[in-house]
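User: Hi! Could you walk me through this structure? I'd like to start with one residue and then zoom out.

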Amino acid sequence: MVNQSPPPDAEAQLAPYAMHGRDTAGRVHAEPTHAYRSPYQRDRDRIVHSSAFRRLAHKTQVFTGAMGDYHRSRLTHTLEVASIARTVGRTLRLNEDLIEALALAHDIGHPPFGHAGEDVLNECLADHGGFNHNQQALRIVELLETRYPDFPGLNLSREILAGQQSRSDKLRPADSGGRLLEVQTVDAADSIAYNAHDADDAVELGMIAIEDLDASALWSSAAANARRRYASLDAHQFRRAAVHELIDLFVSDLITASQRRLTDLNPSNALLAAFQPRALVSSSGEMNEQKLELQRLLFERVYRHPIVLDQRARAGSALREMFARFVANPAALPRRFAAIVETDGLQRAVGDCLACMTDHAALEEHARKFK
Ligand code: MG
């Protein structure tokens, strides 16, 4: 191993209100510091090398793989969140390594088939503690990943675990909830990414006409910016230009509003910044309203589109049947879940087994067991 200290420049450039790696609360299982990676760089690397992360490539974000290959998967959504969050974090002089680790882990607990899968597992586990993808992410990184001989899970820094835990608390975007600014940044980037790419994907898939998006004032502004910037675009070029403008509107507002709050308050350290009554890194009130309007439009026209609802119903019944089959026949569970039956009960072990699966693996398993 190369024997040198972590590069000093990254920490020196951080604002006082950023989370500094040297102040980390450490890991549940103590480990020596690394020769040349900061704690959060190691966290990021552990997440990227995990099998749960790789499986995101074949898990539904909103639209299933059966619907083509243009739209986002859970993995590409995750990478878009990381990309947006890092831009915001660097501009605000926050800890980019921590931001990247949080972003790459934020959806790692999603089961196959997106929210349809989550709803069905929650229903199947209703008498056994329920199912929530944010909680499942913690199970994965604390228990289910088995890559290291010295500890279960990935033994991530406590700041990552606390950030992921806060995602379960159903905070409104403007609530602080004791979240570090890096956590607030990733949460804001998540909603920017999915609003922009769901609009893009839905038009590509023909679920909504691009003109219908003009019912959202925000989309309408983004589209006007694209028209102003480019004299003549074909339909595809125009849509993509408008999506870029939309992301730009979101991100510029987020940075401006957050910078204003940070300048006004000037918090002297990360904890002081985290424990404010309202989130310091969040969109302006006006942008939040416009974002809600776009979300309502996407909800009505896209998330409740007959094709999406049909896919949800089919995926849901496959998962429900598999859950019942595994509970009735625990011997059919892969061996690595046997220990979980002992510690957390059969139903939870079945939930973990199904939640780990990619869409494809779940459909294959279902076809094999129910043909
Ligand atoms: Mg997400």
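**Arginine 139 and the chain around it**

Analyst: Happy to! Arginine 139 sits in helix H7, which covers residues 133–144. Keep in mind that this is a predicted model.

User: Is arginine 139 buried or exposed?

Analyst: Arginine 139 counts as buried, because its relative accessible area is 18% and the cut-off for buried is under 20%.

User: Which side chain does arginine 139 join in a polar contact?

Analyst: That would be aspartate 352: a polar contact of 2.7 Å joins the two side chains.

User: And what else is arginine 139 in contact with, leaving aside neighbours within four places in sequence?

Analyst: Besides Asp352, the list holds Leu144, Ile340, Asp344 and Arg348.

User: Nice. Zooming out, how many helices and strands are in the chain?

Analyst: The chain has 17 helices and zero strands.

User: How does the radius of gyration fit a compact globule?

Analyst: It agrees: the chain has 21 Å, and a compact globule with 371 residues would be near 21 Å. The C-alpha trace spans about 60 × 55 × 40 Å along its principal axes.

User: What share of the residues is buried?

Analyst: Buried residues make up 53% of the 371. As for contacts between residues at least 6 apart in sequence, 72% join residues at least 24 apart.

User: Switching to charge, how many positive and negative side chains are there?

Analyst: There are 43 positive and 49 negative ones, and the centres of the two sets lie 3 Å apart.

User: Last one: what does the accessible surface come to?

Analyst: About 17300 Å², with 52% of that belonging to carbon and sulfur atoms.

Key:
Residues are numbered from 1 along each chain as its sequence is written. This is a predicted model: local features need pLDDT of at least 70, side-chain atom pairs count only at pLDDT 80 or more; totals for chains, interfaces and linings use all residues. Side-chain values use heavy atoms; hydrogens and water are left out. Helices (H or I, at least four residues) and strands (E, at least two) are DSSP runs, numbered from the N terminus. Buried means under 20% relative accessible area, exposed over 50%, partly exposed in between (1.4 Å probe, protein chains only). A polar contact is a pair of N or O atoms within 3.5 Å; within protein, one must be able to donate a hydrogen and the other to accept it, and residues adjacent in sequence count only if both atoms are side-chain atoms. Contact means heavy atoms within 4.5 Å. The radius of gyration is taken over C-alpha atoms; the globule rule is 2.2 Å times the number of residues to the power 0.38. Accessible areas come from the Shrake-Rupley method with a 1.4 Å probe; for residues, only the protein chains shown count as cover. Lys and Arg count as positive and Asp and Glu as negative; His and the chain ends are not counted. The place of a charge is taken as NZ of Lys, CZ of Arg, CG of Asp or CD of Glu.
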